[in-house]
Amino acid sequence: MSLRLHPLFMSWSQRLLTALLLGVLAFAIFGPIANMLLWAVTEVWYFPHKLPLEYGFSFWERVFRPQGNAMESLLNSILIALLTVLASLAVSIPAGYALGKGRLPWRSLFLLLFCCRRRFQPWRCTPISRGFSTASD
Amino acid sequence: MQLTKDRLQALLLILPAIAMIACLFLYPLGFSLISAFEGEAGDWTLENFTKAYELYSRDILFTVLIIALATALIAVLSIAIGGYITLGEHPTLVAILRWLYRWPLFIPFVVAGQLMRTFLAKNGMMNNTFVSLGWLEPLQTTSLLDWRGIVITFVWKQTPFVTLLVAGAMASLDRATIESARNLGAGRLRILLEIITPQIVPTLLVGLILSYVVMLSVLSVPLMINAQTPTMMTVDMAWRINAYGDYGVANALGFISYGLTCAIAWIYLRQGIQQGGAPR
């Protein structure tokens with residue numbers, strides 16, 4: 001190991017081991033995602049079959065059928081996310097300018113206040129900000 | 001005169017942000033902290049805490065253990081991945097790894113929980129693959145949907161974030177020390193553990209602390225993967241509120257959760273002071 005070899009001369013066993021580890025990592029990362037993608041287009045899938053028996057879009061039909069309110073929820077999610085980004089930009093750009101460029105009194109105090117908030121997630125402030133906690137939490 | 005005007009202007013610019021923090025963060029925070037000590041009759045009491053301890057002391061311990069284990073695993077994996085990206089000698093393999101590890105970064109916790117619920121189940125894709133490869137007999141498969149599932153989901157979701165920070169810090173290190181260690185005959189593992197890792201500890205700590213806080217506050221993952229006893233504190237808090245309308249005990253649990261965060265936040269702040277500036 002102490003000899004540094006040119007990449008081209010990297011031993012086959014070493015290359016194989018690295019490729020194997022990368023394969024395991026790829027399975028760990030893409031396995032769950034592939035699993036979800038498969039289930040999304042599955043019609044029939046039961047034990048002990050390794051792959052779905054029939055494929056189709058019936059789940060999609062169920063989600064997007066008029067009496068399901070998935071479309072509405074989806075639009076609401078996008079709307080809320082966009083508005084949140086806009087509102088936080090509107091508030092944080094002036095604040096960032098004042099903190100960075102302006103002659104702000106008690107600058108470090110304000111900075112501390114802003115930093116504080118990142119450490120406590122909104123979910124923790126149960127009663128009131130429950131509605132404000134982010135969807136990904 | 002000009003100076004006062006400038007200062008006033010700066011204050012006006014920062015005012016909306018301060019108002020927002022006061023209304024949406026400081027006020028609810030204070031409110032929930034105070035109501036953790038409030039009894040049903042509105043008197044001051046520690047009743048909520050004794051109740052929280054009696055009912056949920058196992059869950060509190062469980063939460064701490066799960067998050068500690070997940071944080072440790074994230075640290076090991078992010079150093080390993082970052083280390084290979086920095087020291088790897090085969091450009092193609094490094095490029096593949098660099099492309100590969102970031103994927104879970106863009107998947108929200110609730111979706112990660114959903115993915116893992118089917119992937120890690122007894123007859124899920126993971127066990128199916130192991131059976132197909134002949135590593136396991138169909139009768140040997142077990143469901144991982146308990147504490148292990150929660151740890152796996154947290155590690156899966158948070159490792160890319162910490163690795164991103166760690167790999168960035170490793171890339172900006174001075175290559176000369178690495179090269180000289182190499183010339184003196186140090187192996188790659190030794191270079192990673194004895195030369196690179198000590199230099200990126202501050203960045204690693206920041207990444208780990210941020211993930212710790214995020215993991216402590218995630219509700220969806222324990223709810224989807226393991227909501228039986230023992231489970232995590234966030235599930236208990238949601239349960240107290242949704243099933244009993246009992247904000248007192250929920251807030252007491254929240255208070256304990258603040259305590260766990262504050263202990264870590266203190267390390268974070270001290271780190272910042274040692275570096276001679278505000279924490280990044």
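Of the 137 residues in chain A, 10% are buried (20 or more other C-beta atoms within 10 Å of the residue's own, with C-beta atoms placed from the backbone). The model is predicted: local features need pLDDT of at least 70, side-chain atom pairs count only at pLDDT 80 or more, and totals for chains, interfaces and linings use all residues. Residues are numbered from 1 along each chain as its sequence is written, while chains are lettered from A and ligands numbered from 1 in the order in which they are written.

Chain A comprises five helices and two strands (DSSP runs, H or I of at least four residues and E of at least two, numbered from the N terminus). The order of its elements from the N terminus is α-β-β-α-α-α-α. Among the contacts in chain A with a separation of 6 or more, 3% involve residues 24 or more positions apart; a contact requires C-beta atoms, placed from the backbone, within 7 Å.

Beyond its neighbours within four places in sequence, A70(B) contacts V151(B), F154(B), V155(B) and M215(B).

I85(B) is located in helix α2 (residues 47-87) of chain B. I85(B) counts as buried because it has 20 C-beta neighbours inside 10 Å. Leaving aside neighbours within four places in sequence, I85(B) contacts V94(B), L97(B), R98(B) and A167(B).

Terms used
Buried ≥ 20, exposed ≤ 12 C-beta atoms within 10 Å, placed from the backbone. Contact = placed C-beta atoms within 7 Å.
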